[in-house]
Amino acid sequence: MGPRIVLATRNAHKLEELHRILDAAGLDVDLVGATEFPDLPDIPETESTFAGNALLKAREIARLTGLPAVADDSGLCIDALNGMPGILSARWSGRHGDDAANLRLVLGQLDDVPDRRRGAAFHCAAAIALPDGTERVVEGTIDGAIIREPRGSGGFGYDPIFVPLGGDRTLAEIPAAEKDAISHRGRALEALAPVIADLLGS
């Protein structure tokens with residue numbers, strides 16, 4: 001087994017996603033989530049950018065665990081909402097991680113917006129931080145549009161209302177491996193894989 005890396009999340013979906021991407025890249029690492037460390041606190045996302053929040057979380061988890069840490073921050077930026085929810089995507093409805101409430105609020109806010117103005121993009125920054133202070137951050141984006149009703153049972157977050165540019169299926173209707181290849185997080189984590197290999201020699 002290769003070097004141990006902590007993914008700074010308790011979200012099982014994100015852990016599975018990074019497992020798939022690192023496996024596909026041929027990296028031999030022991031990837032664990034924050035649930036393996038029950039005493040780890042939640043790290044407040046206090047920065048004003050996705051990259052800043054990803055680095056903040058990775059840096060703090062590396063410091064607390066003494067292990068290399070990977071973190072990401074991502075969100076949905078909607079043209080008609082002046083780029084919001086943005087970094088507030090996970091708590092847009094007021095409570096962190098309430099996907100159903102976030103979806104309802106966004107759809108309600110866009111109710112009168114015509115289809116031609118429902119453009120949006122998912123953005124993701126992914127960072128790795130080592131206990132010695134070494135840090136790297138990469139980013140990924142996918143453009144698309146917001147539909148009027150959720151579709152699909154896969155994915156999480158805003159996936160059921162986001163259709164990638166040029167497609168006709170939501171991210172929640174696209175199989176996981178196919179989604180990894182095109183999604184904002186998939187693109188960011190794929191770009192992070194060779195960085196991890198370079199830094200850890202895995």
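This is a predicted model: local features need pLDDT of at least 70, side-chain atom pairs count only at pLDDT 80 or more; totals for chains, interfaces and linings use all residues.
View 1. With 17 residues at 1.5 Å a residue, helix 5 should span 24 Å, and the C-alpha atoms at its ends are 24 Å apart, which agrees. The helix runs over residues 184-200. Just after helix 5 comes Gly201, which takes a positive phi of about 65°.

**View 2. Buried residues of helix 5.** His184, Arg185, Gly186, Ala188, Leu189, Leu192, Ala193, Val195 and Ile196 are buried in this helix. Their cover includes two helices, helix 1 and helix 4 (176-182). It also includes strand 1 (4-7), strand 3 (69-78), strand 5 (119-129) and strand 6 (135-146).

**View 3. The crossing of helix 1 and helix 5.** The axes of helix 1 (residues 12-24) and helix 5 come within 10 Å and cross at roughly 55°. Helix 1 is therefore oblique to helix 5. The crossing is right-handed. On the helix 1 side, the contact is made by Lys14, Glu17, Leu18, Ile21 and Leu22. On the helix 5 side, Arg185, Gly186, Leu189, Glu190, Ala193 and Ile196 take part. By type, the residues of this contact divide into six nonpolar, four charged and one polar. An α-helix has 3.6 residues a turn, so residues three or four places apart point the same way.

**View 4. Surroundings of Lys14.** Lys14 is found in helix 1. Its relative accessible area is 16%, so Lys14 counts as buried, the cut-off being under 20%. Leaving aside residues up to four places away in sequence, Lys14 touches Leu7, Thr9, Asp72, Phe156 and Arg185.

Terms used:
Residues are numbered from 1 along each chain as its sequence is written. Side-chain values use heavy atoms; hydrogens and water are left out. Axes are lines fitted to C-alpha atoms, for helices over the stretch in contact, and angles run from 0 to 180 degrees between N-to-C directions. Helices (H or I, at least four residues) and strands (E, at least two) are DSSP runs, numbered from the N terminus. Angles under 35 degrees count as roughly parallel, over 145 as roughly antiparallel, 65 to 115 as roughly perpendicular and the rest as oblique. A crossing is left-handed if the near helix is turned anticlockwise from the far one by less than a right angle, and right-handed if clockwise. Contact means heavy atoms within 4.5 Å. Ala, Val, Leu, Ile, Met, Phe, Trp, Tyr, Cys and Pro count as nonpolar, Asp, Glu, Lys and Arg as charged, and the others, Gly among them, as polar. The expected span of a helix is 1.5 Å times one less than its number of residues. Buried means under 20% relative accessible area, exposed over 50%, partly exposed in between (1.4 Å probe, protein chains only).
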